[in-house]
Amino acid sequence: MNSNDPNSNYSPLRDVAQNPEATARYLADVQRVLLDIGRNLETLAQEIRVHCRDTHVEGDRFYDAWLRAQPVERAFKDVLKNVEAVTKGLEKGAYKRRAHDEAVANTARKRKEKELERQRKKNPQPLQAAPNPPQQGAQAQNLGYGGPTSIYDMGRESA
């Protein structure tokens, strides 16, 4: 293909990468495949374990076959652990991709809020004067929460 071809830069994964839902679907498909492969590898590891531990050579002590099988078993155990880590990583990647789009969508709103807060700090609203305190006669009628704060302020109204 020559460089002037408009399709030369086309990649099918580009569309998937631009859409978080498509990314999640794609990663879920890959994860399903890896989980199937993992199940097959688990079965293979069990069969290899049985075969390697049952392979005895003349003159072996009872644990020699087990000792020879350990590196093989460990290698398959590591492979299975890596497959599991990859599947967890795919799931985490899908969540991070969605979180990125949400963060991008919220950035403009957060910036507007910050700008409004800066404007409020630069130009504070003038404080309104406190309302006049009620007269002494009006206070005697309403002894709720706005009443006297000390027993010495109560005067003759109590008791």
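Trainee: Where do Arg97 and Asp101 lie, and how many residues apart are they?
Mentor: Both are in helix H3, four residues apart, about one turn of the helix. Helices are DSSP runs of H or I with at least four residues, strands are E runs of at least two, and both are numbered from the N terminus. A word on the source: this is a predicted model, where local features need pLDDT of at least 70, side-chain atom pairs need 80 or more, and totals for chains, interfaces and linings use all residues. Residues count from 1 along each chain as its sequence is written, and side-chain values use heavy atoms, without hydrogens or water.

Trainee: What makes the contact of Arg97 and Asp101 a salt bridge?
Mentor: The rule asks for a side-chain nitrogen of Lys or Arg within 4 Å of a carboxyl oxygen of Asp or Glu. The side chains of Arg97 and Asp101 meet at 2.6 Å, N to O.

Trainee: Why is Arg97 called buried?
Mentor: Buried means under 20% relative accessible area, exposed means over 50%, and partly exposed lies in between (1.4 Å probe, protein chains only). Arg97 has 17%, so it is buried.

Trainee: How many salt bridges does the rule give?
Mentor: The count comes to eleven. One of them joins Asp29 and Arg32 at 2.6 Å, N to O. These two are three residues apart in helix H2, so about one helical turn separates them. Asp29 has a relative accessible area of 42%, so it is partly exposed. Arg32 has 49%, so it is partly exposed too.

Trainee: What makes Glu73 and Arg53 a salt bridge?
Mentor: Their side chains meet at 2.8 Å, N to O. Glu73 is in helix H3 and Arg53 in helix H2, so this pair ties together parts that are 20 residues apart in sequence. Glu73, at 17% relative accessible area, is buried. Arg53, at 25%, is partly exposed.

Trainee: How do you know how H2 runs relative to H3?
Mentor: Look at the angle. The axes of H2 (residues 20-54) and H3 (residues 64-122) come within 10 Å and cross at roughly 170 degrees. So H2 is roughly antiparallel to H3. The contact of H2 with H3 holds 22 nonpolar, six polar and nine charged residues. The cut-offs are under 35 degrees for roughly parallel, over 145 for roughly antiparallel, 65 to 115 for roughly perpendicular, and oblique for the rest. Axes are lines fitted to C-alpha atoms, for helices over the stretch in contact, and angles run from 0 to 180 degrees between N-to-C directions. Ala, Val, Leu, Ile, Met, Phe, Trp, Tyr, Cys and Pro count as nonpolar, Asp, Glu, Lys and Arg as charged, and the others, Gly among them, as polar.

Trainee: Which residues make the nonpolar surface patch?
Mentor: Phe62, Tyr63, Trp66 and Leu67 make a patch of about 460 Å². Leu67 is in helix H3. Leu67 has a relative accessible area of 43%, so it is partly exposed.

Trainee: How many helices and strands does the protein chain have?
Mentor: Four helices and zero strands. From the N terminus on, the elements run α-α-α-α. Of the 159 residues, 13% count as buried.

Technical notes. Patch = residues over 30% accessible without salt bridge, like charges linked within 9 Å, V, L, I, M, F, W, Y side chains within 5 Å. Areas by Shrake-Rupley, 256 points an atom, 1.4 Å probe, with all protein chains shown as cover.
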